[in-house]
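Take a look at the structure below.

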Amino acid sequence: MIADTGNVKFTTRDVHVFYGAKEAIKGVDLDINNNEVTALIGPSGCGKSTYLRCLNRMNDTVDSARVTGTIELDGVDIYDRSVDVVQLRARVGMVFQKPNPFPKSIYENVAYGPRIHGLATKKSELDEVVETSLRKAGLWNEVNDRLDTQGTALSGGQQQRLCIARAIAVSPEVILMDEPCSALDPIATARVEELIDELRENYAIVIVTHSMQQAARVSQKTAFFHLGDLVEYGDTEDIFTNPREERTRDYITGRFG
Amino acid sequence: MSVTLLILIILGAVTAAYVAGLARVRAVSGGNARVLHSRPSYYGTYVALVVALAAFSVMAVWLIAQGPVIMGHITDLLPADVRNGDPSMRELALAQVVNVAQSGSAFGAEPYAVKLAATYNSMLASSRLYMTIAVLLAALVAFALAYRQVRPQARARNWVEAVVKALLIICSSIAVLTTVGIVLSMLFQTIHFFSLVPPENFFFGLVWDPRFAAAGSGGETGQFGLIPVLWGTVFITILAMMVSVPVGLMSAIYLAEYAGPRFRGIAKPILEILAGIPTVVYGFFALITVGPFLRDGGALIGLDIDARSALTAGLVMGIMIIPFVSSLSDDVINAVPQSLRDGSYGLGATKSETIRRVILPAALPGIVGSIILAVSRAVGETMIVVMAAGVAANLTANPFQAVTTVTVKIVSQLTGDQEFTSPQTLVAFALGMTLFVITLILNVYALHIVRKYREQYD
Ligand SMILES: Nc1ncnc2c1ncn2[C@@H]1O[C@H](COP(=O)(O)OP(=O)(O)OP(=O)(O)O)[C@@H](O)[C@H]1O
Ligand SMILES: [Mg+2]
C-alpha cells in the first residue's frame, strides 16, 4: 500500500491512536507525497480526523489521546522528544471543518502566525506576507479595502479562505484540511477547490472529505478508512474506477456509510 | 379572623376553584379533549386565577385603606383643642391612642386616649370582619363569573398566559419602582441637606469634621468636605483591585486553561467559599492578624505602619474580592470556543501565546464585567473598612495611615444620636447619593465597554 511515485513528505508506520481504552486508529501505514493532494475518505467515525490530527500532533491537546507508531516528516520522527511541537505546527498547517477566524481584524488574523513565529520583523514585511497570503487564498480582491474589519464579519466561504490564508502565512510545507468545505455553498466550495489545486504546486495537502466528487476532483491520491483501519490507498483514479476492495467499492458507490 | 387565616381560606378556595373549573370543562366537553380550545388544566387554572386575583386585590385594597380611614375617624373624635392645635401635638396624641390600643395598658395615658383606644380596637375588629366578608364575596362572585365562562371554545390558554404575563410585568416593575423610590427618597433628603450646607462646601471641601451639634440647635455646624471620605473609598478600592485583579485573573487562567479536571473540581468550589465568608469575619482577620502583622513587619524594615491603615483594608478587601474576579473570569474564559484555541494551536502558537493573544481578548468583555462587579463590591464594602482602616477621614496618599470611606461615614452619621433634620444626619443621604451616582456611572460605563467589545467579537 505504499506509494511508489513522487517524493515522500510524511511516512507513517503502524500508527495506533487510543482515546482512553478505545482504539480509534488501528495500525495505519500511509505515505503522504509532496505536491499532491491526498484525500482521506470513509464513513463517519472511522478515524479520518484522528489520523489527520496525528500529523501535526493536535491530538496532544486532547488529554485522553495516546499515539503510538512512527510518523516521520522528511525522515524525522515528529513524536520524538527532540521535536518541538511549535515548530512542527509551523511546518504543518491546519484548516478546520468549521471556519474559525480569530475575533480580530482580517489583517491581524493573517498576521497572527508570522507574528508569533517572528517571521516578519518590519511592518512592511508583515504587510507583504499578509497580502501574498490573502492573494494565494483568493481573498485579496474581496477584502483589500477593509483589512481592518473583523474576520468574523466575513461570509462563511470568505472566512474559510481567510483561515486558509492564515495557515499559508506561516509558509508551512504541508496543509491539513479537515472537511474544509462542509460549511460552504457550492460556489465557495468550487473556489476553495480551485485554491487547493493551485496550492498543490508548493505544498503537500491532506484533505478529509465526505464528498466523493470532491475527492475525485481535487485529489491525486485517495485513502479509504473504515473502523480505524486503512482499507485501501492508491491513485484517486484507480480507487474510483477500479477499487480493489469490496468495502471501498460499496462505500464510493454509496451502498454504506 | 386573622389575615393569615383568611389567606389560607383564600388559597383553599383557589384550589377548589381549580378543581371545579377542571371538572366543569371535562363535563362540557364530554371527555373529548379535541373539542376544547385549550388543554383542560388551563380552564382550571383560569378559574383559579380569577378567584385569586379578585380575593387578593380586594384584600390588598382593604388593608391599605383601613389604616388611613380609621385614623381619620379617630382624629375627628379627638378633643377639639388637640384636634385643632399644633399638628405635631396631634400626631403625638394619635400615636398615644394607637400605643394604648396595641399594648392594652393605659398607664400614663390621657383619659380621652384610653377611650379612643377602645374605639380604635373595635373599629379594627369590625374592619377585619367586613374585610373577610368582602373578600369571600368577591371570591364567590369571581368564581361564578369565571365558572360560567368555561366553554369548549373559550380561549382559556390565552387568558392564563395574559395573566401570567401581567404578573411577570408587575414583578419586574416592582424592582424598577423600588429603585426609583429609593433614589427619590435619597434625593429629597439630599436636597434638604444642600439647603443647609452649600453644595460647593460638600463637593469640594477638603475637611471632614461634622462636629456633632446639640440636638435642635440646627444651622450649619462643622465641615462636610466630601473629598477626604471619597478619596478613602477610591484609595482602598484601588488597593483592593491591585490585589484582586492580578491574583483573581491569573487563578482564573490557571483554572480554565492549565488545571486538570480533578484539581479544578476541588479548587473552584473552595475559591467560591471565600465569597461566602461574611465580611465581618474578614474584618476580624484584618484587625487581629493582618493589621498587627503589617505593623510589626513594617517596624522591622523601618516603616511606620499604623495598625489600622488603608493598606490593611485594601489587602483584606482584595482577598475578599478574588473569588468574584476569578470565578466569573473562569466562566468567561471557559466559554471561549474550543475552535479558537485549536486554530491558534494549529498555527504553532504556544499555550501562553494562545491565552494572551486569542483567549483573553475574546474573553475581555466578560472579564471587564467581572472586574466592574468587583469594584462595586469594594466601593460598597463597610465592615472591613471600619475594622481595618478606621474611621478617621484623613486626606492622605500614604497607604500606611488610617483612612475611612463613604460607607463608613454613612453608618456613623446615621447611627449618631442626632435629630433627623440636622445636617449631621442628612449628610449621610448626600453621601449615599454620591455613592449611588458613582456606581451608576461605573455600571453604565461597564455596559458600554461590554457592548462595544461584544459587537467586535460576536
Ligand atoms: N476526543 C475524543 N475522545 C474520545 N473519543 C474520541 C475523541 N475524538 C474522536 N473520538 C472517537 O474516535 C473515533 C474516530 O473519530 P474521528 O473524529 O477521527 O472520526 P472521523 O472519521 O473524523 O468522523 P467524521 O467523518 O464524523 O468527522 C470515533 O469513534 C470517535 O468517537
Ligand atoms: Mg472528522
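**Domains, cysteines and a pocket**

This is a predicted model. In chain B, the domain assignment gives domain 1 (3-154) and domain 2 (223-457). How far apart do the C-alpha centres of these two domains of chain B lie? They lie 48 Å apart.

Now turn to the cysteines. A disulfide is a covalent bond between the sulfur atoms of two cysteines. A search of the whole structure, over all chains, finds zero disulfides. To count as a disulfide, two cysteine sulfur atoms must be within 2.5 Å. Start with A:Cys46. The closest cysteine sulfur to its own is in A:Cys54, 13 Å away, so the pair is too far apart for a bond. A:Cys46 is also buried, with a relative accessible area of 2%.

Next comes empty space. Rolling a probe the size of a water molecule over the atoms shows where such space is left. The largest pocket has a volume of about 500 Å³. It is lined by 21 residues, and those closest to its centre are A:Thr61, A:Asp63, B:Glu257, B:Tyr345 and B:Lys351. Which elements give two or more residues to this lining? They are α2 (85-91) of chain A and, from chain B, α8 (226-258), α9 (261-276) and α12 (338-346). The largest share, four residues, comes from α8(B). By type, the lining of the largest pocket divides into nine nonpolar, five polar and seven charged residues.

Terms used
Residues are numbered from 1 along each chain as its sequence is written. Chains are lettered from A and ligands numbered from 1 in the order in which they are written. This is a predicted model: local features need pLDDT of at least 70, side-chain atom pairs count only at pLDDT 80 or more; totals for chains, interfaces and linings use all residues. Side-chain values use heavy atoms; hydrogens and water are left out. Domain bounds come from an automatic or database domain assignment. Buried means under 20% relative accessible area, exposed over 50%, partly exposed in between (1.4 Å probe, protein chains only). On a 1 Å grid over the protein atoms alone, a cavity is a set of points where a 1.4 Å probe fits but cannot get out, and a pocket is an open set with protein on both sides within 12 Å along at least five of seven lines; lining residues have an atom within 4 Å of a point. Grid points are joined across faces, edges and corners, and a volume is the space filled by probe spheres set on the points. Ala, Val, Leu, Ile, Met, Phe, Trp, Tyr, Cys and Pro count as nonpolar, Asp, Glu, Lys and Arg as charged, and the others, Gly among them, as polar.
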